[in-house]
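Thanks, everyone. I have one structure to walk through today, and I'll keep it brisk. Please look at the screen.

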Amino acid sequence: MKFCHTRRIPVVAFSGGTSFEGNFANTRRGLCIDFGRMAQVLALHKEDLDVVVQPGVGYEELNERLKEERLLFPPDPGMFCCTERYWLKVEELMMFTHRSWSNDRWYGRNRLLRHKRLPLRHDEELGHLPHYRPHRSTIIKTRQRPSKSSAGYDLSRLFTGAEGTLGLVTEAVLKVTVLPQNERVAVAAFSSIREATQCVSRVVQSGIQVAAVELLDAVSVKCLNESGSTDREWEEAPTLFFRFSETENGVREEIAVVKGLAEGMGNKSFIFAEDEQESTDLWMARKTILWGTAAVEKNDDDKLWATDCALQVSRLSDMIEQTKADLESCGLVHCVIGHVGDGNFHSAIFYSDEEKPIAEAVVHRMVERAIEMEGTVTGEHGAGLVKRDYLPLELGQGTVDAMRRVKNALDPLCLLNCDKVVRMEADR
Ligand SMILES: Cc1cc2nc3c(=O)[nH]c(=O)nc-3n(C[C@H](O)[C@H](O)[C@H](O)COP(=O)(O)OP(=O)(O)OC[C@H]3O[C@@H](n4cnc5c(N)ncnc54)[C@H](O)[C@@H]3O)c2cc1C
């Protein structure tokens, strides 16, 4: 960073390269800093339930290491991640773009944000401030290890989700939990998306702390069947995957309550795992769905546009129904998958080169619809290059101007992943 600053070379940070919204695309040439070799677990504090990591550590390899101590880093991205580096790094969106995951309902999004990332250190350019020497990059620690602190501005939160536009994260403390003793999965199929999402609302209102609730629409379930990625033949209907994490009795009671609520919504079927192996198999179906969607591509050259929005759970049915109706009327092959427990859903849209303008228009309408319903244009993929222009609509121009001032204060030469999140020049 010192070299880049002296030579005024723009820098884009790169970890796993799995982000969706052009987050690490280069707008100004310059260097890409790859964190692949900063992949060490620096310290594990079992008694404090936290772990200090470098940014290149992938969540799966971290969990392998933690398992030896019967600990768990709970975020569970909706998809199966294999051992290729590309997929190992899914952990990092959690840090650099805002994120949610399958088990947010249980472990809590805010709680993780506060605990997991702290303290962060990052290299940043503060040469413009009078008490820093110019032409220097600085490493700062944004806070100490305790999960609770009110010492000054919460810079950790500021850098979380900043997509490498304010500084580069070199180290983070992640909150971990004790490995759950009992995990069970239940799967409920419904006649409509509305019934499924209303069931989620009821479960949330019942106060049951389900570890995760995931939605697959009928097309996604069809993909699962056609891809043959699981042994089971699934009912091709909107389906909820529930994951429970409790004592043995607790799990049994929770499943009974959720089953009752699903039946109250007129569900078509309800299955639950009798043992751990069956739970793993059922959950794996949810995690392999992205690969399954390839089964619905019309042509091999089709491109996949994976995009996301998040809303209050009470608005999800309207949002998903209207978005699906729009996609269907445009004739685009698509499926909808959601971390519905926290109101986040993804549309996976397949399109050919000729269909690109149609896909763009649908995504545009989806985003506007989300804002009209008091939702957000992205729940976890980040603003990147694609969603940044919707921020004024969602938050107001004044808020975006404030973000730009923060960017200017921390990166006055605009060297760090410029033009992501907020435009720094009108035409970039
Ligand atoms: C199949 C699949 C399933 C997914 N499921 C989920 C899910 O359930 N929940 C969820 O939240 N997300 C999910 N994601 C998104 C995923 O979490 C992100 O794509 C991933 O975490 C991004 O991390 P990465 O290491 O690939 O970052 P990259 O794509 O390399 O970078 C992301 C951004 O962070 C910046 N950056 C990289 N390294 C640093 C650094 N050291 N310091 C500062 N900035 C940096 C980059 O410049 C870029 O702007 C999924 C993605 C895929 C592909």
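Let's start with rings. The count here comes to 4 aromatic pairs. Take W234 and F241. Their ring centres are 5.6 Å apart and their planes stand at 40°. Edge-to-face would need over 60 degrees, and stacked would need under 30. So this pair is tilted.

Keep in mind that this is a predicted model. Every value I quote is computed from it.

Are these two residues buried or exposed? W234 has 9% relative accessibility, so it counts as buried. F241 is buried too, with a relative accessible area of 1%. The cut-off for buried is under 20%.

The charged end of R232 sits over the ring of W234. The distance to the ring centre is 5.6 Å.

Now step back to the whole chain. The protein chain has 428 residues, and 54% of them count as buried. There are 16 helices and 16 strands. What about contacts across the sequence? Take the contacts between residues at least 6 apart in sequence. Of these, 72% join residues at least 24 apart.

On to helix packing. Two packed helices are described by the angle between their axes and the distance between the axes.

Pair one is α8 with α10. Helix α8 covers residues 193–206, and helix α10 covers residues 248–264. Their axes are 9 Å apart, and they pack at an angle of about 140°. Roughly antiparallel would take an angle over 145 degrees. So α8 and α10 are oblique to each other. Their crossing is right-handed. Which residues of α8 and α10 make the contact? From α8, we have C199, R202, V203 and S206. From α10, we have V258, L261, A262 and G264. Look at the spacing on the α8 side. An α-helix has 3.6 residues a turn, so residues three or four places apart point the same way.

Pair two keeps α8 and brings in α13. Helix α13 runs over residues 316–329. The axes of α8 and α13 come within 9 Å and cross at roughly 155°. That makes α8 roughly antiparallel to α13. The crossing of α8 past α13 is right-handed. On the α8 side, the residues are I193, R194, T197 and Q198. They meet L316, S317, D318, I320, E321 and K324 of α13.

Helix α14 spans residues 356–372. The axes of α13 and α14 come within 10 Å, with a crossing of roughly 160°. So α13 and α14 are roughly antiparallel to each other. This crossing is right-handed. In α13, the residues are M319, Q322, T323, D326 and L327. They meet V362, R365, M366, R369 and A370 of α14.

After α9 comes G228, and its phi is positive, near 65°.

L49 is one, with a phi of about 55°. L49 lies in the loop between β3, 41–45, and β4, 50–53. L49 is partly exposed, with a relative accessible area of 23%. R70 is another, with phi near 60°. R70 sits in the loop between α2, 59–67, and β5, 71–72. R70 is partly exposed as well, at 46% relative accessible area.

Last stop: G343. Where does G343 lie? G343 is in the loop between β15, 333–339, and β16, 344–351. G343 counts as buried, at 0% relative accessibility. What does G343 touch, leaving out residues up to four places away in sequence? The list is C309, A310, L311, V313 and L316. Now compare positions along the chain. G343 and V213 are 130 residues apart, and their C-alpha atoms are separated by 10.0 Å.

That's the tour. Questions, please.

Notes: Residues numbered from 1 in each chain as written. Predicted model: local features only at pLDDT ≥ 70, side-chain atom pairs only at ≥ 80, totals over all residues. Heavy atoms only, no water. Phe/Tyr/Trp six-rings, centres within 6.5 Å; stacked < 30°, edge-to-face > 60°. Buried < 20%, exposed > 50% of the residue type's maximum accessible area, 1.4 Å probe, protein only. Lys NZ or Arg CZ within 6 Å of the ring centre and 35° of its normal. Axes fitted to C-alpha atoms, helices over the stretch in contact; angles between N-to-C directions. Helix = DSSP H or I, 4+ residues; strand = E, 2+ residues; numbered from the N terminus. Parallel < 35°, antiparallel > 145°, perpendicular 65-115°, else oblique. Left-handed = near helix turned anticlockwise from the far one by under 90°. Contact = heavy atoms within 4.5 Å.
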